[in-house]
Amino acid sequence: MNSRAILMLFLLLAGGRDTTYAAEPRVLVDQGLARGASYDPARWSVESGALHGAGTGHALELDYIPGVADFTLDATLALQSVAGTAASVVLNGASHFGFDSRSRTLFVEGPLFGGGVRGLGPAADHITPGTPFVFQLARTGDQLTFTLNGQQLHQVTYTGSIDQIGFRPHRNTLTIHQIAISGDLMKRPEPPPMVDVYRSGDDGYHTYRIPAIVRTGEGTLLAFCEGRRNGRGDSGDIDMLVKRSPDNGATWSDQAVVWDDAGNTCGNPAPVVDRDTGTVWLLMTWN
């Protein structure tokens with residue numbers, strides 16, 4: 001890693017939301033035109049009247065979201081292959097309805113589904129490479145229902161807000177023919193600003209690695225990190241550091257040293273907050 005590399009933590013800052021509601025159902029993608037969706041034009045192209053996206057680290061994001069309202073989303077999609085690619089629909093940034101796990105199954109994953117990964121049967125039973133299929137996500141009350149080609153495959157109880165919906169190609173090529181969504185929709189907030197929490201070369205440390213962040217019971221964010229004093233390597237003079245943010249990531253304290261054992265390695269922070277007592281337990285390694 002370049003010694004000038006910047007360690008970035010993307011933090012959702014508190015703030016106002018655009019509460020302009022869409023009274024009518026919206027067609028967000030159609031015939032290769034994104035009418036209510038955002039994407040990186042370097043990663044997506046328009047061919048034969050459809051949008052085609054490929055590669056990891058990005059997704060087509062819907063500009064309109066349902067929040068806690070009932071809604072129905074219909075998307076006509078196609079995958080180039082079924083080969084363990086992890087292509088998925090992303091919800092709230094960290095949960096996935098996946099079309100093609102490493103074991104080539106449909107799957108759900110992430111906090112919206114209770115954590116972990118759950119397979120939903122062979123992907124080939126529902127998806128033929130290169131052939132369009134219809135994905136539907138609907139919410140009625142506290143029930144989210146997931147359907148492929150008219151067959152209900154999963155249902156989960158969820159009372160929270162849906163504030164992000166994305167379509168992720170990952171290791172596949174994903175074709176989007178059409179996306180439409182109905183319900184009381186909100187304009188998705190602008191992405192939050194990017195904050196430099198630790199920057200390589202600052203404050204006497206050559207490199208910062210292995211970040212971990214938690215929120216305390218009082219709402220303070222704690223960002224732990226290894227401070228590698230003399231180089232990028234995984235051993236040597238490495239200290240455990242922490243910074244605090246009382247305002248949801250807008251500003252950060254100076255870094256404090258949690259553990260410094262001369263030229264030895266104090267690393268791999270794994271903080272856990274005890275929700276009953278408020279105690280922050282910090283698991284670490286030493287060598």
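**Entry 1**

I looked up Phe 97 and found a buried residue, at 0% relative accessibility. I note here that the model is predicted. Phe 135 also counts as buried, with 0% relative accessibility. I then asked how many aromatic pairs the whole structure holds. My search of the whole structure gave nine aromatic pairs. Phe 97 and Phe 135 make one of them, with ring centres 5.4 Å apart. Their planes meet at 45°, so I logged the pair as tilted. Where do the two residues lie? I placed Phe 97 in strand E12, residues 95-98. Phe 135 is in strand E15, residues 133-140. The pair therefore ties together parts that are 38 residues apart in sequence.

Next I checked Phe 97 against Phe 146. This aromatic pair is stacked. I read 5.2 Å from centre to centre and 5° between the planes. Phe 146 belongs to strand E16, residues 143-148. With Phe 97 in strand E12, the pair links distant parts of the chain, 49 residues apart. Is Phe 146 buried or exposed? I found it buried, with a relative accessible area of 0%.

**Entry 2: salt bridges**

I turned to charged side chains. Side chains of opposite charge can pair when their charged atoms come close. How many salt bridges does the whole structure hold? My search found six.

I took Arg 228 and Glu 226 to begin with. Their side chains meet in a salt bridge, 2.8 Å from N to O. Arg 228 is buried, with a relative accessible area of 3%. Glu 226 counts as buried as well, at 3% relative accessibility.

I moved on to Arg 229. It forms a salt bridge with Asp 239, and the closest N and O atoms are 3.3 Å apart. Which parts does this pair tie together? Arg 229 lies in the loop between strand E23 (221-228) and strand E24 (238-245). Asp 239 lies in strand E24, so the pair joins parts 10 residues apart in sequence. Arg 229 is partly exposed, with a relative accessible area of 29%. Asp 239 counts as buried, at 0% relative accessibility.

Within it, the side chains of Arg 199 and Asp 202 meet at 3.9 Å, N to O.

**Entry 3: charges over rings**

Last, I looked for charges placed over aromatic rings. Arg 26 lies over the face of Tyr 64, at 3.9 Å from the ring centre. What sits over the ring of Tyr 198? I found the charged end of Lys 243 there, 4.9 Å from the ring's centre.

Note on methods: Residues numbered from 1 in each chain as written. Predicted model: local features only at pLDDT ≥ 70, side-chain atom pairs only at ≥ 80, totals over all residues. Heavy atoms only, no water. Salt bridge = Lys/Arg side-chain N within 4 Å of Asp/Glu carboxyl O. Buried < 20%, exposed > 50% of the residue type's maximum accessible area, 1.4 Å probe, protein only. Helix = DSSP H or I, 4+ residues; strand = E, 2+ residues; numbered from the N terminus. Phe/Tyr/Trp six-rings, centres within 6.5 Å; stacked < 30°, edge-to-face > 60°. Lys NZ or Arg CZ within 6 Å of the ring centre and 35° of its normal.
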